[in-house]
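My notes follow in the order I made them.

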Amino acid sequence: MAKDFYTGTSLVWRENKKKWQGNLYWYDEDGKRHQKSRLFTSKKRESQERFDEWKYELNRKARRTTNPVETVRDTNRKTVGERLREYLKYLESEVANGNYEQSTLTAKWDSARLYIFPDPIADIPYLKLSKNEILEWEQRLRDKGISNGTIGIPYSLLRRVYNYDIENEKIEDTPFRFLKSPKAGKREKAFATDESLRRLTEALEKRWNRERGDVHAMCYYLALYTGMRGQEICGLRWRDVYLSQDKMAIRNVIARNGNDPYTKSPKTENSERIIPIAPRLKEKLVEWKRRVSWMAGVDEPEPNWYVVGDEDKFRKPQWVTQNFGRFCRRNNVKASDGTYLTMHGLRHTFATVAVQEKVVDIKTLAAILGDTVTMVMDTYAGVGDDDLKYQSMELIAKAFEERTAGDD
């Protein structure tokens, strides 16, 4: 019977994990012993059974391999940059199989090309990357003026590669184990103040009336009165707008793949939702639908036509964003932080008004925005509401006075 490549029989209790850990050992060509570990469960008998199955499967694979030492050490022959490219290539195959989103992969490639491949960290041997080298890499990026929020993206990508290799038993440990991801400083969301909101709506109305309906203004009205994201607005089709029922469905969004945008389903279940249409917005949609039909010489837009596109061709979200920026600069529409209001700032404005005016509960607002309740609470529950805090304290004080007045 062939000798086992992996040896070891005992389990070790990991107090910090509250689980049993199994340790296996293998030897390289120089006779140096290496350890391979895996956590199981909190029950020893169950963990022992799983450990034995794990050991059996590893040795079965080792017996079928010409040189198991080379297989175990294969990753050690690569640099961080080489292993990262391999991982991204693997994700490309996942995209082709429909298991991964192209826009997400494109963002990862962009991040790697900007912040990892040009840096010395890419040339470090993959298995020799240390905690200090990671920290030095972070500092080099900060010295270039890169924010913590931006650094966190390539940081998470590299950490995911190491975690993936641990999960697939290619490596035994990760240099990221005792490190924390760079955290972006909390930044208050910029929204339209009352003055800028009046300025915005007046300018929008003038543009709408002048053009007798305008595709850009329609985009802005949709964002302002629903809190929809730009990619959702550009992906909205007439078949998903139910004017007779005062509602619309978010079923498609426009994603980016470099300079080649494409249509896809919303990223999360929360994002795929039904949004009620407010009377003011319905008025604009009815007018816009009539104008679209007139321009196309038809009685009704085709169901698959995009609401703010060119019939069956969608408008790029970045165009909408850029045009809104120019619109705000021309009309001096500024946000609460003093900068010019952005397209995404319309979403913040919608949510902030809803929270400050207390016209809707947080759960309902989250459903309209397509976010989780936690996200809405963390993002909007305290945005720009200092006046409300003072008013609330006054009401609480008044309540105390009323309760104690009867004692006199």
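**Entry 1**

I began at the hairpin of strand 2 and strand 3, which has five residues between the strands. Gly31, in the turn, has a positive phi of about 80°. The model is predicted, so I kept to its rules: local features need pLDDT of at least 70, side-chain atom pairs count only at pLDDT 80 or more, and totals for chains, interfaces and linings use all residues. Residues are numbered from 1 along each chain as its sequence is written, and side-chain values use heavy atoms, with hydrogens and water left out.

My elements are DSSP runs numbered from the N terminus: helices are H or I with at least four residues, strands are E with at least two. I call two strands paired if DSSP finds at least two bridges between them.

Strand 2 and strand 3 run antiparallel and are joined by seven bridges. Asn23 stands opposite Ser37 in strand 3. On to the other partner: strand 1 pairs with strand 2 (residues 19-27) over four bridges, again in the antiparallel sense. There I found Val12 opposite Gln21 in strand 2.

Together these give an open sheet of three strands, order 1-2-3, with antiparallel pairing. Which strands stand at the edges? Strand 1 (11-14) and strand 3 (33-39) do; each has a single partner strand, so one side of each lacks a neighbour in the sheet. Neighbouring strands are turned by 35° against each other on average, direction ignored. For axes I use lines fitted to C-alpha atoms, for helices over the stretch in contact; angles run from 0 to 180 degrees between N-to-C directions.

Helix 1 (residues 44-63) packs on this sheet and touches strand 1, strand 2 and strand 3. Contact means heavy atoms within 4.5 Å. The direction of helix 1 makes about 25° with that of strand 2.

**Entry 1: two helices**

I then checked helix 3 (residues 80-96) against helix 6 (residues 148-167): they pack at about 80°, axes 10 Å apart. That makes helix 3 roughly perpendicular to helix 6, a class that covers 65 to 115 degrees. Helix 3 brings Val80, Leu84 and Tyr87, among others, to the contact. From helix 6 come residues including Leu158, Val161 and Asp165. The contact residues divide into ten nonpolar, no polar and three charged. Nonpolar here is Ala, Val, Leu, Ile, Met, Phe, Trp, Tyr, Cys and Pro; charged is Asp, Glu, Lys and Arg; the others, Gly among them, are polar.

I looked up the second largest pocket, with a volume of about 590 Å³. A pocket is an open set of 1 Å grid points, over the protein atoms alone, where a 1.4 Å probe fits, with protein on both sides within 12 Å along at least five of seven lines; lining residues have an atom within 4 Å of a point. Of the 20 lining residues, Ser37, Ile166, Glu172, Asp173 and Arg177 are the closest to its centre. Strand 3 gives the largest share of the lining, five residues. The lining divides into five nonpolar, five polar and ten charged.

Last, I traced an open antiparallel sheet in the order 4-5-8. Strand 4 and strand 8 are its edges, each pairing on one side only. Four bridges join strand 5 to strand 8 (residues 273-276). Met248 has Ile275 as its bridge partner in strand 8, and Met248 is also the partner of Val241.

Notes: Angles under 35 degrees count as roughly parallel, over 145 as roughly antiparallel, 65 to 115 as roughly perpendicular and the rest as oblique. Grid points are joined across faces, edges and corners, and a volume is the space filled by probe spheres set on the points.
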